[in-house]
Each structure stands twice: as structure tokens, then as C-alpha cells.
Amino acid sequence: MQHTLVEQLRSIVGAAHVLSEGDLTAWEQDWRKRVMGKALAVVRPGSTAEVAAVVRACALAGASIVPQGGNTGLSVGSTPDETGTQVVLSTTRLNRVRTIDRDNLTMTVEAGCILQSLQETAEKEGLLFPLSLAAEGSCTIGGNLGTNAGGTQVVRYGNTRELCLGLEVVTPQGEVWEGLSGLRKDNTGYDLRDLFIGSEGTLGIITAATMKLFPQPAAQLTAWAAVPSMEAAVRLLGLAHRYLGAGLTGFEVMGQFALSLVTKHMPQLRVPFAGLEGAPPYYVLLENSDSESEEHARQRFETLLELAFEDGCVLDAVVAESLSQAHELWHIRENIPLAQAEEGLNIKHDISVAASRIPAFVEHTDALLQREIPGVRLVNFGHLGDGNLHYNVQAPEDGDARAFLDTQEARVNELVYDAVAQFGGSFSAEHGVGTLKADKLAQYKSPVALSMMRAIKRALDPQGLMNPGCMLP
Ligand SMILES: Cc1cc2nc3c(=O)[nH]c(=O)nc-3n(C[C@H](O)[C@H](O)[C@H](O)COP(=O)(O)OP(=O)(O)OC[C@H]3O[C@@H](n4cnc5c(N)ncnc54)[C@H](O)[C@@H]3O)c2cc1C
């Protein structure tokens, strides 16, 4: 039966695009190398019609499908389990930009388009596609939609959900829902688009999307500020909202220990104020985009920083003099996860709490972890403008990191996620649930919400063939 299915898949997409032998690690292992699965086959359809035919063939054979884009997801949602029975449906050949509508400020693109290529496509048109994250050279827009990715510009432009106007989806029965409208207003019933966004491949396969475009800002300025506390960072965020308005496009926070790892493992990167006396506990990276001119943007930034100095929420600050200096500052922020990986295995969290409650959450959880697990090192950084922290935990210095993970990961997760729940937050802000946190969904989501989610899954995918085990336990 399985042999017949692989033959059928070959006849649909061509033998060259069905991989079932040899080294399939790139598709079978997750980005963080936490899990290694085994696929029956990796199939790479080149059109929506081929996706639909593949899904129909799998449904007939009772084979489950794992949709996969760039496989950069951080929650283990795009790799097969170890049974060798699942089909990985890779979207990488669905990579065409179908249309650009300059007057409607939209582009309709296929799911396998690499995010960075879409940013470049928009730029060539003199427009902006603002979704931006460190994996943009490898992740796909289908994966961004599947996970409702966030990134560094959410404070101004929203998550991927807010950037999407319409979708084309292949259903678990192999039908095609053509919902590629570029409408900004459409109140005709349930919002099916929003159902598929963030569904992590469990309800169907997104094959194309109509995404919003924006005018390019006339100027973009970046500043780096040392702040005396997390509470001060949140006060600075309030000031930035007030004085920059819609110009505030990025607001990242970085803990001192997170930056010390960058200095240690990437000594070629110059971290501003790293040598400041008494080493301030937090640093903020702010971005201001302006539709008028660079001079105007700089003036606004300077006013903001003057007010922040007066307020005491900023100890020292530097504004990038050029685009390349701005890139260097962002580069430091983007390198924190790599520096952390260099330091050794660690426990990652992608949590959100209302920005106003973050200082109390951090104070509470830092103290709790240090009390319960002495010597633990906290690598705290993230998109503070969105109330989203990557509140990561590193093994004690000179300890055995593998043994630490084996013995302490469950306990650390419990302490952190219970604290998040206590502060009214979410255990997954932007990386999704995947298979990694499916048990957490069952634990922390309300029973009513879970039962509605299960009803939706049963209604759309009664055979349970779309990415089973991912998200819904
Ligand atoms: C260095 C690095 C930095 C990152 N930074 C961020 C960040 O700032 N913000 C953020 O949100 N994420 C971040 N991520 C996580 C990751 O890049 C995003 O989740 C991204 O959206 C995944 O896209 P992908 O194409 O790689 O999807 P994949 O990893 O292939 O898939 C992710 C999920 O989406 C589903 N899926 C994929 N394609 C489709 C489709 N066409 N239809 C339906 N379902 C589909 C998969 O089944 C899976 O459940 C980062 C990752 C790395 C490695």
C-alpha cells in the first residue's frame, strides 16, 4: 500500500520531486536538532493542482501529511514522526509571485516563497513588506502564515495575521478553497482566513496568500539605550509610543547576561556600553521610521531621548549614524540566540505577558528560578514592544548542560509556564505550539477553548490526517 502511494505521488509530481531514499535529514530533522523523524517520502509539488492531487492520494491511502516550508520553526511542527508512514509535503517549489497590485498595496504570492525574496520583491516596486525575522533567508511565507510569525516589526505592522488579506488553501479532502481576495473589508460570515493562519498545518495546506504592502518609510533610525531596570524599559516604551506614534517600528529588550554571551562568543561585535560602570541590567534597541525625512526622524528621536534622560529611564544612548551602523546594532540583537547556542544547550521559552506586567513577572520568575535551581543563568531578551520575551534558561556555569536539561527541563518549564499563567500571559507568543508544546496546550488552554478547537479540527479534518500530533494533543 505504501509502495503504491509513493508510486502515485511520483506520477503526480514527477519522480524527481518525490524523495524516499538517501539522506533526508534536511526534511526529517527540526531546526534545533531536537527531533529526528522518518518520512515515508518527501513530496515537492509544483502547483496548487498538484498539492490537491497529492492530498487526495494520501487521504485515499490513509497516510498523514506534514506540511513543511523552510523547516525553521522552533516548536517541532514541520518534521515527521518516527513511524516512517508520514508524507512530508514541502512547499519550496510553490515559489512564484503571482501578482502585485500597486494601487491596492497588495501582492499575491505562493506559499513556498522565501520571506527575504518577498521583502526584496516589494523593495523593487518601491514598497515595503514589513515582516522581518532572523530566519528570513530560509523561512517561507506559508510557514510564516502557518505559525502566525511575529518578528521585529510587530509593534507597528502586527503579526503575519495582520499582514494577510486572503488565502488559497487545499483542504484535507484535496479541494481548493480560493479565498485570495485583496479586500480590506469583507463581513460575509466566519473568517476562514483567520482559522488557517496559525493552524500549524493541522487544518489544510496554504498554497498562496494575498499580503499587504506599505509605502517605504523616508527614513529609518535606530538607537541603542542602556536602561537601569526592566521597569525603566517599559517606561521608555510608553514614552516612545507617545513621542514616535506610528513611527515606532521596533522595540527590543536585551538582558546584560544575554549580551555578555555575545561579547564572549562573537568578540568581533562591538556591544555599546558593554564596559559601562556597574553594567546596566538591560539594554533597548529602538527603531523609528519616518514618512517625512531623516532630519525629522532624528529630531523626534532626540526629543524622545532627552525626555527619557530627564525621566531617568535611560542611562546612556547612541543613535546610529548610518544604515550600516544600524545593521550592526540589529546584528548584535540577532546574534543572541547563536551566542547562547555557543554557550551550550539551553531551555528556550517564547512567552508573552502584557508589557505593563513584564517587570513584575521578570522579578518574580528570576527570584523563583534562582531559589529553586541555584546557579541557573537567565538569558532574557525579546520583543518588549509586543510583550514578548525569549525568557531562556542556561545551565549553571561549568555544569554538565546535557545532564541539566535531562534532569531540570520539565521543572524549569513548569515554574516558568505557571508564572506566565499567573500573570495572565501565553506560553507561546510567536513560535507556535508544534509537537514540542502540545501537552502545554492541554494544560494551560481553557477546557472550553480546547473543546472548540477540537470541534473545528474534527469538522475540517475528520480523518485526522493533517499534521497529527502537532498543536492538538
Ligand atoms: C534564527 C531564527 C529566528 C527566528 N525568529 C523568529 C521570530 O523573530 N519570530 C517568529 O515568529 N519566529 C521566529 N523563528 C521561527 C520560524 O522562523 C518561524 O516560525 C517561521 O514562520 C517558520 O517558517 P518556515 O517556512 O520555516 O515553516 P516550517 O518550519 O516549515 O513550518 C512551521 C509550521 O507551519 C506549518 N506550515 C508550513 N508551511 C505551511 C503551509 N504552506 N500551509 C500550512 N501549514 C504550513 C508546518 O506544518 C509547521 O507546523 C525563528 C527561527 C529561527 C531559526
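**Close-up views of a predicted model**

**View 1. Asp461 and Lys457 pair up.** Asp461 forms a salt bridge with Lys457, and their closest N and O atoms are 2.8 Å apart. The model shown here is predicted. Are the two partners buried or exposed? Both Asp461 and Lys457 are buried. Side chains of opposite charge can pair when their charged atoms come close. A search of the whole structure finds 22 salt bridges.

**View 2. Glu110 meets two arginines.** Look at Arg96 and Glu110 to begin with. Their side chains meet in a salt bridge, at 3.2 Å from N to O. The pair links distant parts of the chain, 14 residues apart. Arg96 sits in the loop between β4 and β5 (97-101), while Glu110 is in strand β6 (residues 106-110). Arg96 is partly exposed, with a relative accessible area of 41%. Glu110 counts as buried, at 5% relative accessibility.

Now turn to Arg98. The side chains of Arg98 and Glu110 also meet in a salt bridge, at 3.1 Å from N to O. Arg98 lies in strand β5 and Glu110 in strand β6, so this pair ties together parts that are twelve residues apart in sequence. Arg98 is partly exposed, with a relative accessible area of 33%. Which residues belong to the network of salt bridges that share partners? Arg96, Arg98, Glu110 and Glu168 are joined into one network.

**View 3. Arg333 sits in helix α12.** This helix covers residues 323-334. Arg333 counts as buried because its relative accessibility is 6%, and buried means under 20%. The side chain of Arg333 makes a polar contact with the side chain of Glu252, at 2.7 Å. What else does Arg333 touch, leaving out residues up to four places away in sequence? Besides Glu252, Arg333 touches Met254, Leu285, Phe381, Gly382, His383 and His390.

**View 4. Ser90 lies in strand β4.** The strand spans residues 86-90. Ser90 is buried, with a relative accessible area of 1%. A polar contact of 3.1 Å joins the side chains of Ser90 and Thr92. Set aside the neighbours within four places in sequence. Ser90 is then in contact with Trp27, Val42, Val43, Arg44, Pro45 and Gln68.

**View 5. Domain 1 touches domain 2.** The chain is divided into domain 1 (2-90), domain 2 (97-215) and domain 3 (219-338). How many residues does the contact between domain 1 and domain 2 take from each? It takes twelve residues from domain 1 and 15 residues from domain 2. The centres of these two domains, taken over C-alpha atoms, are separated by 23 Å.

**View 6. Leu345 touches Ala395.** Leu345 lies in the loop between α13 (336-343) and β16 (346-347). Leu345 is partly exposed, with a relative accessible area of 39%. Leu345 and Ala395 are 50 residues apart along the chain, yet 7.6 Å separate their C-alpha atoms. Not counting residues up to four places away in sequence, Leu345 touches Gln394, Ala395, Ala401, Arg402 and Leu405.

View 7. Tyr190 lies in the loop between β9 (176-179) and α8 (192-196). Is Tyr190 buried or exposed? Tyr190 counts as exposed because its relative accessibility is 80%, and exposed means over 50%. Together with Leu192, Leu195 and Ile456, Tyr190 forms a nonpolar patch on the surface. The four residues have about 410 Å² of accessible area together.

Definitions and conventions: Residues numbered from 1 in each chain as written. Predicted model: local features only at pLDDT ≥ 70, side-chain atom pairs only at ≥ 80, totals over all residues. Heavy atoms only, no water. Helix = DSSP H or I, 4+ residues; strand = E, 2+ residues; numbered from the N terminus. Buried < 20%, exposed > 50% of the residue type's maximum accessible area, 1.4 Å probe, protein only. Polar contact = N/O pair within 3.5 Å; in protein donor to acceptor, adjacent residues only side chain to side chain. Contact = heavy atoms within 4.5 Å. Patch = residues over 30% accessible without salt bridge, like charges linked within 9 Å, V, L, I, M, F, W, Y side chains within 5 Å. Areas by Shrake-Rupley, 256 points an atom, 1.4 Å probe, with all protein chains shown as cover. Domains from an automatic or database assignment.
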